[in-house]
Amino acid sequence: MGKPLSDEQALRRMPRDPADRVVITGATGFVGKRLAKALHQRGYKLRVLARSSKDDAYFQSLGAQIYHGDIKDPAVPGWLMDGACGLFHLASIVQQAGLPDEEFWDVHVHAVKRLMEESARHGVKRIVHCSTTGVLGDITNPPADETFPYSAKDIYQVTKAEGEKTALAFNGVDGLEVTVIRPAMVYGPGDTRLLKLFRLIASGSFRMIGAGSALAHPVYVDDLVDGMILAYESPKAPGSVYILGGDRYVTLWEWAKTIATASGVSLSGRSIPYLPVMIAAVLCEGICKPFGIEPPLFRRRVDFFVKNRAFSIDRARRELGYSPKTGLPEGAAATIRWYRENGLIR
């Protein structure tokens, strides 16, 4: 018996459908799974990139081709884009500290360049690149729109900014049509990034850090996914950047009270001073980084409580027909319900 085929060899021997597969990187993430389901329901054929096989059953139920690999591997973009007609690039490092800067550059910039090059080489037509509103930093005169200058501060934001610039530079190259979307603060059933916030509020033990007057712009996951698909399908989208947020932005106090109401608890009016928490975050990062471990508290997480993240979605409304449908009370209630059904909060 011959040697087992490597993953790449196996993929290259797979029978190819016509060039009608839409590729999703970062497919196993919160947004990626929701996007895959929505595209399947709209009749798209899918190919997903996954680092492990733990979600294979889910993607098999959607009829997706499942490719296993790491986006950082230089060999991956070539076979991933072969036979595809479109790409939603979602793969990213999310809410992690303690990683070397090179890791962020590899995932957010170098991998993007290779994906764009291989997409052009394989005749892919349409690409939606997922960035972040974080590239605009703290919004000193809210709301910000797509014309606001970059103000990236940390390594995550800096590399995400460079990644979207890299993607947009390929718009028009060999027929590529590239659109960048910047999601605001995504939440909804299946999310774990905001789980700690929801859990603290639902338990009645939440205390605001700082004054609570900073602005946040939540967007329910299904509204975000609708916007992403609109960006993929719209003839106006190539070469443009779109901010995708909810219908409105709110203060952190209002957001916390909305979650508390959905949880059936009262929100304490007591808060914790910002400065001691930030000092603790700096110390945590300094202690943990040399050991390559993620600190329990880091600056970007603390900044959430004091920096404005409020945006205009007028361009997406006007050019894409984007119209968020899920209000904050409904979205918070659905999220709390999912957490409880899955035993993540009481």
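Modeller: Gly343 counts as exposed because its relative accessibility is 62%, and the cut-off for that word is over 50%. The model here is a predicted one. Gly343 sits in the segment after helix 13 (328–341). From Gly343 to Leu230 there are 113 residues in sequence, and the C-alpha to C-alpha distance in space is 34 Å.

Another exposed residue is Ile287, so called because its relative accessibility is 56%. Ile287 belongs to helix 10, which covers residues 274–288. Together with Leu275, Ile279 and Leu283, Ile287 makes up a nonpolar patch on the surface. The accessible area of these four residues together is about 420 Å².

Now the inside. In soluble globular proteins, nonpolar side chains tend to be buried together. The largest nonpolar core in this model has 44 residues. Those that touch the most other members are Ile24, Val31, Leu35, Phe88, Ile181 and Met228. Two or more residues come from each of several elements, including strand 1 (21–25), helix 2 (30–41), strand 5 (126–130) and helix 12 (314–320). Helix 8 contributes the most, with 7 residues.

Leaving out residues up to four places away in sequence, Phe88 touches Val22, Val23, Ile24, Thr25, Leu35, Leu39, Val128, Met228, Ile229 and Tyr232.

Key:
Residues numbered from 1 in each chain as written. Predicted model: local features only at pLDDT ≥ 70, side-chain atom pairs only at ≥ 80, totals over all residues. Heavy atoms only, no water. Patch = residues over 30% accessible without salt bridge, like charges linked within 9 Å, V, L, I, M, F, W, Y side chains within 5 Å. Areas by Shrake-Rupley, 256 points an atom, 1.4 Å probe, with all protein chains shown as cover. Salt bridge = Lys/Arg side-chain N within 4 Å of Asp/Glu carboxyl O. Helix = DSSP H or I, 4+ residues; strand = E, 2+ residues; numbered from the N terminus. Buried < 20%, exposed > 50% of the residue type's maximum accessible area, 1.4 Å probe, protein only. Core = buried A, V, L, I, M, F, W, Y, C linked by side-chain atoms within 4.5 Å. Contact = heavy atoms within 4.5 Å.
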